[in-house]
Amino acid sequence: AELIADVVVAVYNLYRESGREFSATQSVGVIVPYRNQIATVRRSIEQRVGTELLSDITIDTVERYQGSERDVIVYGFTVQREYQLDFLTNNCFEENGFIIDRKLNVALTRAREQMILIGNKQLLSQNDLFRSLIEQTEVTLKQ
């Protein structure tokens, strides 16, 4: 929650410093897998900037983000135990030899400009789908 809050505040500050207009309802949003994490993330953000500035940022689950978009999406995987990976990937199916994760697909397609993924790389790498995502992302970053 603290790392997510730091990233959200950094996005806000980048908007301000670059002269772009910041809109809490359009500029940035946060996706977390569990509903009980929403309040924790919101409290962490409020501790950094107060309650007024970023109080309208949408922090929600993947399911409730369907149909919404933001310039920047921060997706916090927020899993700490291996068994929690099953919940994150409980909506997968195989198509043409590829594993498709509906939740991950929705999360990754909510960002208009930038997607920021936050999670425990070592833990997420224990899952084939997330390991592939990490490897592809790392390759992209190196190019």
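**Salt bridges and their surroundings**

Guide: Let's start with Arg-131, which is partly exposed, its relative accessible area being 30%. With a 1.4 Å probe and protein chains only, under 20% counts as buried, over 50% as exposed, and anything in between as partly exposed. Before we go on: this is a predicted model, so local features need pLDDT of at least 70 and side-chain atom pairs pLDDT 80 or more, while totals for chains, interfaces and linings use all residues. Residues are numbered from 1 along each chain as its sequence is written, and side-chain values use heavy atoms, leaving out hydrogens and water.

Back to Arg-131: it forms a salt bridge with Asp-128, with 2.2 Å between the closest N and O atoms. (The test is a Lys or Arg side-chain nitrogen within 4 Å of a carboxyl oxygen of Asp or Glu.) Arg-131 and Asp-128 both sit in helix H7, three residues apart, which is about one turn of the helix. Helices and strands here are DSSP runs numbered from the N terminus: H or I with at least four residues, E with at least two. Asp-128 is exposed, at 52% relative accessible area.

Salt bridges with shared partners also join Arg-20, Glu-69, Asp-71, Arg-112 and Glu-113 into one network. Over the whole structure, the search finds eight salt bridges. Let's zoom in on Asp-71. It forms a salt bridge with Arg-20, where the closest N and O atoms are 3.6 Å apart. That pair links distant parts of the chain, with Asp-71 in strand S3 and Arg-20 in the loop between H1 and S1, 51 residues apart. Asp-71 is buried, at 12% relative accessible area, whereas Arg-20 is partly exposed at 40%.

Asp-71 also forms a salt bridge with Arg-112, this time with the closest N and O atoms 3.1 Å apart. Arg-112 lies in strand S6 (residues 111-118) and Asp-71 in strand S3, so the pair ties together parts that are 41 residues apart in sequence. Arg-112 counts as partly exposed because its relative accessibility is 39%.

The structure holds four aromatic pairs. (Ring centres of Phe, Tyr or Trp, the latter by its six-membered ring, must lie within 6.5 Å; planes under 30 degrees apart are stacked, over 60 edge-to-face, the rest tilted.) Tyr-12 and Phe-22 are an edge-to-face pair, because their ring planes stand at 90 degrees, with centres 5.0 Å apart. Tyr-12 belongs to helix H1 (residues 2-18) and Phe-22 to the loop between H1 and strand S1 (28-31), so this pair ties together parts ten residues apart in sequence. Both Tyr-12 and Phe-22 are buried.

Phe-77 and Phe-130 pair up edge-to-face as well, with ring centres 5.2 Å apart and planes at 75 degrees. They link distant parts of the chain: Phe-77 is in the loop between strand S3 (70-76) and helix H4 (84-88), and Phe-130 in helix H7 (residues 128-142), 53 residues apart. Phe-77 and Phe-130 are both buried. Ring pairs also link Tyr-12, Tyr-15 and Phe-22 into a cluster.

One last stop in helix H1 is Val-9, which counts as buried at 14% relative accessibility. Its C-alpha atom is separated by 7.6 Å from that of Val-49, 40 residues apart along the chain.
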